[in-house]
Amino acid sequence: MMLSVRDLRVSFRTHEGLVRAIDGVSFDLKEGEILGVVGESGSGKTVSLLAVMGLITDPNAVIEGSIRYRERELVGLPARELRRLRGSEIAMIFQDPMTALTPVYTIGWQIAEQIRAHKRISKSQALERVEELLAEVNFPNPREAMSRYPHQLSGGMRQRAVIAMALSCNPALLVADEPTTALDVTVQAGILDLVRKLRATHNSAVVFITHDMGVVSELADRVMVMYAGRVVERGSRTELFSDPQHPYTRALLGSIPPLTGEKPHRLPAIPGSPPSLLRLPEGCAFGPRCPVNYEPCRAGKPVLGDGNHAAACFRVQA
Amino acid sequence: MIYAILRRFGQMLFVMFGISVIVFLIFFATPGSDPAARIAGRNASPEVLEAVRHNFGFDRPLYVQYGLMMKKIFVTGDLTSFVNRGWKVVPAVLDSIPVTLSLVFGAAVLWVVVSIIIGIVAAATRDSWVDKLLMALGLLGISMPVYWLGEVMNLITQSRYHDTWLFSWVPPLGYKNFSDDPKGWFLALVIPWVTLAILYIGIYGRVLRAAIIESMQEDYIRTARAKGLSETRILLRHALRTSLIAFVTLFGLDFGALVGGSALLTEVVFGLQGIGKLTYDALQSLDLPMIMATVMYASMFVVVANAIVDFVYILLDPRVRTS
């Protein structure tokens, strides 16, 4: 396993008490694999990956559990060592390309900065590498794009620049946090193609965070569904899409409009809204919104079973 | 970029023209008062009054009066003060410019350098005792009025401790020309510089700290962390650069105002015959030509300082260049 996360817990101290944003998340990632992480806003998908990156800088955050990357424990690793991994072996693409780049430096400068932070090469060599990278992410005119400032590029182009930056040191693991959410659909497709192509050429493993089931069904090898800081279902893409087990996963899939056949009058929606992490319901967090809940759901929290395809639901396990 | 600079220069000229017209109208076209009588001063004889009226063209249309006034200030430079019995105004202003510029420029260098250091250190050590100490000192600096601080400085360096090794180098109050005596110029201004700078060090240090801390919340800082950069580099290259924009804005306003006469209190306390002192004396004796000239001069400096700030913006922030 390249990355193996065990029982990860992230809590934040607040005025209203300790808020547990991530409550016992475990997952594995093989080399070259694409893992899709799905969930609503606030389900903890971003926080769990920020924890992997060591990017939770909030002094009130408490991180427990184990994150092993290539036989190294990342939780509690000194900042210096973590910094050496970040950007070179583990890279990240962010949600909003509009704000992810420093506005006062050129694209070329910002990518070269990352290369030179990890490799001992000259400025001109770094800039040559930047040109290759920009060509690789399909910039029509890489040499010219290098001298552009972020505000001079469109959203899609900026995201390509961010991806080029993430790839600059050939990372073994790429974390993509909703990289297509802020973009137009046509631009989205281009970015997804790019991620797929890069997995093939660089053999990087990818963790792809999204709330878009459509994106997951196109891209991911395996899928992990999160709800209220816990993993509720995991499995391979085919297992999850052909045989969804957790009522939440089913409800998510049910809310995708069918491409063929008669369109439903109204798309089915999940009743209610995600619970506040401060006041989680007793028992299963999804219980109050669940169409099939019964006695045991209110009594205890269901746990995710073993096996490749598993769901944290008493109905399924019964 | 060249075009942006030229356009800004054109705007600057236009603004200065506008200011000159408004100032002129306020002083010379206010209904119900005779500008000739005010220029001539109290108890002027009818002959003097008549001479003033002719000299300034008050018997001719307003635009001729404006033209004559501008000619006297900028072309021939022979604007004369009647209150002060024939004192030439323009040379008096030109003489006091180097005094004020020396004072303000030196203080500005001091306050910019020190406040940038303070802002960075405080932001980097946020919420620690270092940060709290620096911010408390900054507040102390802001709270001390310059006339009081200046007098205390004088008391220490000119009187009580002047004979100790610490302050024996401090020359008596007053200004020395840089061209005559560079060392004397420097020594005479050290204490005024420090006094004037202390207030601004406090303000700018606090402003910069707040701006850096705000920048550190931005998404691109998270990107910079994800790139694996060191915290020092993130602070100096990514957060500081974007934070300087607010700093430069403030600097343009303060620098322009100070050069335009706001350094008056410092000038008076340290016996420097600068623009502020000149304006103050002119106001005391209602010396209209002198006031006109110093106001024109002051507004010119505010406008020029603002234009310089805009040029610095263009250097600091690429987003301004294209618009």
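In what order do the strands of the open sheet in chain A run? I started there, keeping in mind that this is a predicted model. I found seven strands, in the order β6-β7-β8-β3-β9-β10-β11, with mixed pairing. I then checked the edges: β6 (90-93) and β11 (310-311) of chain A each have a single partner strand, so one side of each has no neighbour in the sheet.

Strand β3 (residues 34-38) of chain A runs parallel to strand β8 (residues 205-210) of chain A, and five bridges join the two. I noted one facing pair here: A:Gly36 stands opposite A:Phe208 in β8(A).

Over to chain B, for a pair of helices. I wrote down that two packed helices are described by the angle and the distance between their axes. For α5 (residues 89-124) and α6 (residues 129-143) of chain B, the axes come within 8 Å and cross at roughly 145°. I have the crossing of α5(B) and α6(B) down as left-handed. On the α5(B) side I listed B:Ile118, B:Val121 and B:Ala122, which meet B:Val130, B:Asp131, B:Leu134, B:Met135 and B:Gly138 in α6(B). Sorted by class, that contact has six nonpolar residues, one polar and one charged.

Key
Residues numbered from 1 in each chain as written. Chains lettered and ligands numbered in written order. Predicted model: local features only at pLDDT ≥ 70, side-chain atom pairs only at ≥ 80, totals over all residues. Axes fitted to C-alpha atoms, helices over the stretch in contact; angles between N-to-C directions. Helix = DSSP H or I, 4+ residues; strand = E, 2+ residues; numbered from the N terminus. Left-handed = near helix turned anticlockwise from the far one by under 90°. Contact = placed C-beta atoms within 7 Å. Nonpolar A, V, L, I, M, F, W, Y, C, P; charged D, E, K, R; others polar. Pairing = 2+ DSSP bridges.
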